[in-house]
Amino acid sequence: MKVWIEQDACTGDGLCVEKSPAMFQLVENISHVRHMGSTMLLGTAMAEIPDVHFDDVLDAAEDCPGECIFIEE
Ligand code: SF4
């Protein structure tokens, strides 16, 4: 499974980073997905979700105030 963020809708509240700091990172109040420990800067960049982080990413997507975290096959 992969995750990406529609950054135009991100509110910058940081809830996703609180839930999964391994998979999300705020840069100038916009959340970015993380992959292999690096920040991915493109708005629609997709990051593979390691199994160990899936529940936290799903939790973040469900509670995201901007409804802008998307999980795909
Ligand atoms: S939870 Fe959603 S709106 Fe909030 S910072 Fe993360 S991606 Fe942006």
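**Close-up views of loops, salt bridges, ligand and cysteines**

**View 1. Gly43 sits in the loop that connects β4 (38-39) with β5 (47-48).** The model is predicted, so numbering runs from 1 along each chain as its sequence is written, local features need pLDDT of at least 70, side-chain atom pairs count only at pLDDT 80 or more, and totals for chains, interfaces and linings use all residues. Side-chain values rest on heavy atoms, with hydrogens and water left out. Gly43 has a relative accessible area of 28%, so the residue counts as partly exposed. The classes are buried (under 20% relative accessible area), exposed (over 50%) and partly exposed (in between), with a 1.4 Å probe and protein chains only. Along the chain, Gly43 and Ile69 are 26 residues apart. Their C-alpha atoms are separated by 11 Å.

**View 2. Glu28 shows a positive phi of about 50°, yet is not a glycine.** Most residues other than glycine have a negative phi. Glu28 belongs to the loop between β2 (24-27) and β3 (30-35). Its relative accessibility is 75%, so Glu28 is exposed.

**View 3. Glu67 also has a positive phi, near 50°, in a residue other than glycine.** The loop that holds Glu67 runs between α2 (51-63) and β6 (69-72). Is Glu67 buried or exposed? Its relative accessible area is 68%, so Glu67 is exposed.

**View 4. Lys19 and Asp59 form a salt bridge through their side chains, at 3.0 Å from N to O.** The partners come from distant parts of the chain: Lys19 from helix α1 (residues 15-19) and Asp59 from helix α2, 40 residues apart. A salt bridge is a side-chain nitrogen of Lys or Arg within 4 Å of a carboxyl oxygen of Asp or Glu. Side chains of opposite charge can pair when their charged atoms come close. How many salt bridges does a search of the whole structure find? The search returns 2. Lys19 is partly exposed, at 26% relative accessible area. Asp59 is partly exposed too, at 30%.

**View 5. Asp63 and Lys19 also meet in a salt bridge, at 3.3 Å from N to O.** This pair again links distant parts of the chain, with Asp63 in helix α2 and Lys19 in helix α1, 44 residues apart. Asp63 has a relative accessible area of 39% and is partly exposed. Shared partners join Lys19, Asp59 and Asp63 into one network of salt bridges.

**View 6. Asp55 is a residue of helix α2.** Asp55 has a relative accessible area of 59%, so this residue is exposed. Asp55 and Lys19 are 36 residues apart in sequence. In space they are 9.6 Å apart, C-alpha to C-alpha.

**View 7. Met23 lies in the loop between α1 and β2.** Its relative accessibility is 2%, so Met23 counts as buried. Met23 and Leu58 are 35 residues apart along the chain. Between their C-alpha atoms the separation is 11 Å.

**View 8. The ligand is surrounded by 13 residues.** Residues count as near if one of their heavy atoms lies within 4 Å of the molecule. Which residues are the closest? They are Cys10, Thr11, Asp13, Cys16 and Cys64. By class, the shell has 7 nonpolar, 5 polar and 1 charged residues. Nonpolar covers Ala, Val, Leu, Ile, Met, Phe, Trp, Tyr, Cys and Pro; charged covers Asp, Glu, Lys and Arg; the others, Gly among them, are polar. The space that the ligand takes is the largest cavity. A cavity is a set of points, on a 1 Å grid over the protein atoms alone, where a 1.4 Å probe fits but cannot get out. A molecule sits in a cavity if more than half of its atoms lie within 2 Å of its grid points.

**View 9. The cysteines form 0 disulfides.** The cut-off for a disulfide is a pair of cysteine sulfur atoms within 2.5 Å. Cys68 has 3% relative accessibility and is buried. Cys16 is buried as well, at 8%.

Conventions
Helices (H or I, at least four residues) and strands (E, at least two) are DSSP runs, numbered from the N terminus. On a 1 Å grid over the protein atoms alone, a cavity is a set of points where a 1.4 Å probe fits but cannot get out, and a pocket is an open set with protein on both sides within 12 Å along at least five of seven lines; lining residues have an atom within 4 Å of a point.
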